[in-house]
Amino acid sequence: MSRIIALIILLIPGVIAAYGIKLMRDMFFGVQASWLPALWLQFTVGFVMFAAGLSFIGGFLLHRDRRNNKVQERFKRK
C-alpha cells in the first residue's frame with residue numbers, strides 16, 4: 001500500500017512538470033493557451049511548473065536515498 005501512495009505522490013508533480021513542458025513548447029510554436037493572456041506569461045508559467053515538479057521529484061528521491069544510505073558522501077547530512 002505504501003508503494004502505491006509513493007507512486008501517486010510522484011505522479012502528481014510529474015504531470016505538473018509535463019504540462020509545464022507542454023506550455024513552453026506551445027509558446028515556441030505560437031499556440032497560446034486560452035487561460036493565459038500573453039505568450040511570455042505562458043512560457044514563464046510553464047517554466048515555473050516544470051521547475052517545481054522536477055525539484056519535488058528530485059527532493060523526494062534524495063530524501064529516500066538518504067534514508068536508505070544510498071548516496072555519496074557529499075550528499076549525506078553532517
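**View 1. A nonpolar patch sits on the surface.** Met1, Ile4, Ile5, Ile8, Ile9, Ile12, Ile16 and Phe56 make up this patch, and together they have about 780 Å² of accessible area. To be in a patch, a residue needs over 30% relative accessible area and no salt bridge; nonpolar side chains (Val, Leu, Ile, Met, Phe, Trp, Tyr) are joined within 5 Å, like charges within 9 Å. Accessible areas come from the Shrake-Rupley method with a 1.4 Å probe, and for residues only the protein chains shown count as cover. Keep in mind that this is a predicted model, where local features need pLDDT of at least 70 and side-chain atom pairs count only at pLDDT 80 or more, while totals for chains, interfaces and linings use all residues. Residues are numbered from 1 along each chain as its sequence is written, and side-chain values use heavy atoms, leaving out hydrogens and water.

Which helix gives the most to the patch? That's helix α1 (residues 2-28), with six residues. Helices here are DSSP runs (H or I, at least four residues), as are strands (E, at least two), numbered from the N terminus. Ile8, one of the patch residues, belongs to helix α1. Is isoleucine 8 buried, partly exposed or exposed? With a relative accessible area of 44%, isoleucine 8 is partly exposed. The cut-offs: buried is under 20% relative accessible area, exposed is over 50%, and partly exposed lies in between (1.4 Å probe, protein chains only).

View 2. Of the 78 residues, 19% count as buried. The accessible surface comes to about 6200 Å², and 69% of that belongs to carbon and sulfur atoms.

**View 3. Leucine 10 in helix α1 touches Ile57 and Phe60.** Those are its contacts once neighbours within four places in sequence are left aside; contact means heavy atoms within 4.5 Å. Leucine 10 is partly exposed, at a relative accessible area of 25%. Now look at leucine 61: it's 51 residues from leucine 10 in sequence, yet the C-alpha to C-alpha distance is 9.4 Å. Across the chain, 42% of the contacts with a separation of 6 or more are between residues 24 or more positions apart.

**View 4. Phenylalanine 47 and glycine 20 are 27 residues apart along the chain.** How far apart are their C-alpha atoms? The separation is 6.0 Å. Phenylalanine 47 is in helix α2 (residues 39-67). This residue is partly exposed, with a relative accessible area of 46%.

**View 5. Aspartate 26 has both a salt bridge and a polar contact.** Aspartate 26 is in helix α1 and counts as buried, at 10% relative accessibility. Its salt bridge partner is arginine 25, with the closest N and O atoms 3.3 Å apart. A salt bridge is a side-chain nitrogen of Lys or Arg within 4 Å of a carboxyl oxygen of Asp or Glu. Arginine 25 itself is partly exposed, with a relative accessible area of 45%. The side chain of aspartate 26 also makes a polar contact with the side chain of lysine 22, at 2.5 Å. A polar contact is a pair of N or O atoms within 3.5 Å; within protein, one must be able to donate a hydrogen and the other to accept it, and residues adjacent in sequence count only if both atoms are side-chain atoms. Not counting residues up to four places away in sequence, aspartate 26 touches Val31 and Gln42.

**View 6. Glutamate 73 and lysine 76 meet in a salt bridge.** Their side chains are 3.4 Å apart, N to O. Glutamate 73 is exposed at 62% relative accessibility, while lysine 76 is partly exposed at 33%. Elsewhere, salt bridges that share partners join Lys22, Arg25 and Asp26 into one network. The structure holds four salt bridges.

**View 7. Asparagine 69 has a positive phi, near 55°.** Most residues other than glycine have a negative phi. Asparagine 69 lies in the segment after α2 and counts as exposed, at 60% relative accessibility.
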